[in-house]
Amino acid sequence: MSDDAYAKAGVSQGDADSAVAALVSALGAGSPSESRQVLASGHYANVVRLDDRTGIALSTDGVGTKLVLAEQLGRWDTVGIDCVAMNVNDVVCVGAEPLAMVDYLAVDRADPDVARAIGVGLARGAELAGIEIVGGELAQLGELINGLDLAGACFGVVGLDSLVTGASIEPGDPVIGLPSSGLHSNGYTLARSVLADIPLEDDRLGRPLGDVLLEPTEIYVKPAVELLRSEIEVRGLAHITSGGLKNLLRLEAEVGYEIDEPLHVPPIFELIQELGEVSDEEMHEVFNMGCGFCVVVAQADEKAAMKRLQAHYPGATRVGRAAEGSPEVRRR
């Protein structure tokens with residue numbers, strides 16, 4: 001495959017960016033004159049002002065084509081964890097504490113056994129995140145879809161004086177990376193295309209490939225909330241999804257980022273790159289490459305933050321620093 005491997009597999013990030021811009025533009029045209037929206041569009045979640053002190057953080061996301069693998073393997077009990085993770089990991093990025101979620105399950109036909117297994121994963125994800133799933137919707141859409149789709153929406157609360165937007169990040173501030181559990185829920189269209197000829201029972205990675213690919217997305221909420229409640233000055237939180245470490249640029253900071261000590265890259269990424277002949281640049285555009293979440297703290301708090309985070313993730317380490325210059329991510 002070429003540098004356009006993801007597009008050839010069926011996903012155009014350029015088209016997606018253009019579509020999102022068009023959608024946001026249309027939504028903006030209908031905004032009320034006195035909006036309750038606190039943050040500009042483009043952050044991981046947005047915040048609606050409830051009163052002078054409190055905001056409600058909102059986000060929505062789905063599992064994507066990882067569901068195709070779940071169907072191939074006939075295993076639905078983990079994708080609910082992915083659904084929770086993709087939502088709560090975004091909400092906590094604005095400094096909010098996630099509280100509850102609703103899910104949306106669209107199916108071509110209703111299957112109680114599949115629904116029950118998905119519910120097991122959703123319940124486990126809620127437990128790991130410390131939230132409740134308070135409702136949802138199951139829609140039978142046989143005329144529209146073949147299989148199923150799973151998505152959700154999460155809300156949390158945050159003090160308006162405690163928002164974490166990245167605006168306070170200064171050059172020299174450390175960027176601490178937290179390890180991912182694998183691909184998480186991004187890049188599966190490319191991964192499935194590249195790995196299509198390898199049996200899901202293949203164990204060259206030390207366990208069946210299907211198990212590696214279905215590994216649930218890590219939920220970072222509890223360590224992030226613990227850090228937010230501490231005396232440590234948390235200046236930025238970034239959920240590393242599609243776009244890789246360029247997700248740091250979603251923070252409201254007039255800085256660039258120098259990444260000089262990246263986390264270990266798990267073998268699944270190396271296998272995809274090798275078999276698909278995917279360039280380094282595109283791999284870092286599509287996948288998290290072993291780093292699922294980043295925390296930016298004040299320089300003076302680096303050691304204290306590292307101690308707290310390594311209690312949850314021994315592999316957590318400083319992967320780089322904020323730097324003067326244009327807002328870009330520079331990898332060494």
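This is a predicted model: local features need pLDDT of at least 70, side-chain atom pairs count only at pLDDT 80 or more; totals for chains, interfaces and linings use all residues.
**Entry 1: α8 and α11**

I began with two helices and noted that α8 and α11 cross in a right-handed sense. The contact between them is made by P223, E226 and L227 on the α8 side, and by A305, R308, L309 and H312 on the α11 side. Sorted by class, the residues of this contact are four nonpolar, one polar and two charged. I then looked up the geometry of the pair, and found that the axes of α8 and α11 come within 10 Å and cross at roughly 155°. Angles over 145 degrees count as roughly antiparallel, so α8 is roughly antiparallel to α11.

**Entry 2: the two sides of α11**

Next I stayed with α11, which spans residues 302-312, and asked which of its residues are buried. I found E302, A305, M306 and L309 to be buried in this helix. Seen down the axis of α11, these buried residues fall within an arc of 100°, so they line one face of the helix. I kept in mind that an α-helix has 3.6 residues a turn, so residues three or four places apart point the same way. On the face of α11 turned away from the buried side I noted the exposed residues K303, K307 and A311. I also looked up what covers the buried residues of α11, and the elements include β6 (174-179), α8 (221-229), β9 (291-297) and β10 (317-323).

**Entry 3: α4 and α5**

I turned to a second pair of helices, α4 (residues 79-91) and α5 (residues 112-129), whose axes come within 6 Å and cross at roughly 40°. With that angle, α4 and α5 are therefore oblique to each other. The crossing of α4 and α5 is right-handed. From α4 the contact takes V79, G80, I81, C83, V84 and V88, while α5 contributes I118, G121, L122, R124, G125, A126, L128 and A129. I noted the classes of the residues in this contact of α4 with α5 as ten nonpolar, three polar and one charged.

H184, which is not a glycine, has a positive phi of about 60°. H184 sits in the loop between β6 and α6 (188-194), and it is buried, with a relative accessible area of 2%. M289 also has a positive phi, near 55°, although it is a residue other than glycine. I placed M289 in the loop between α10 (280-286) and β9, and found M289 buried as well, with a relative accessible area of 9%.

**Entry 4: L251**

Is L251 buried or exposed? At 5% relative accessibility, L251 counts as buried, and I located L251 in the loop between β7 (234-239) and β8 (256-259). Not counting residues up to four places away in sequence, L251 touches H43, Y44, T165, G166, I169, G236, L237 and Y257. For one of these, L237, I noted a separation from L251 of 14 residues in sequence and 7.9 Å in space, C-alpha to C-alpha.

**Entry 5: G62**

Last, I looked up G62, which lies in strand β2 (residues 54-62). Leaving aside its neighbours within four places in sequence, G62 is in contact with M86, L150 and A151. I also noted that G62 and R116 are 54 residues apart in sequence and 18 Å apart in space, C-alpha to C-alpha.

Technical notes. Residues are numbered from 1 along each chain as its sequence is written. Side-chain values use heavy atoms; hydrogens and water are left out. Axes are lines fitted to C-alpha atoms, for helices over the stretch in contact, and angles run from 0 to 180 degrees between N-to-C directions. Helices (H or I, at least four residues) and strands (E, at least two) are DSSP runs, numbered from the N terminus. Angles under 35 degrees count as roughly parallel, over 145 as roughly antiparallel, 65 to 115 as roughly perpendicular and the rest as oblique. A crossing is left-handed if the near helix is turned anticlockwise from the far one by less than a right angle, and right-handed if clockwise. Contact means heavy atoms within 4.5 Å. Ala, Val, Leu, Ile, Met, Phe, Trp, Tyr, Cys and Pro count as nonpolar, Asp, Glu, Lys and Arg as charged, and the others, Gly among them, as polar. Buried means under 20% relative accessible area, exposed over 50%, partly exposed in between (1.4 Å probe, protein chains only). The arc is that of the directions from the helix axis to the C-beta atoms.
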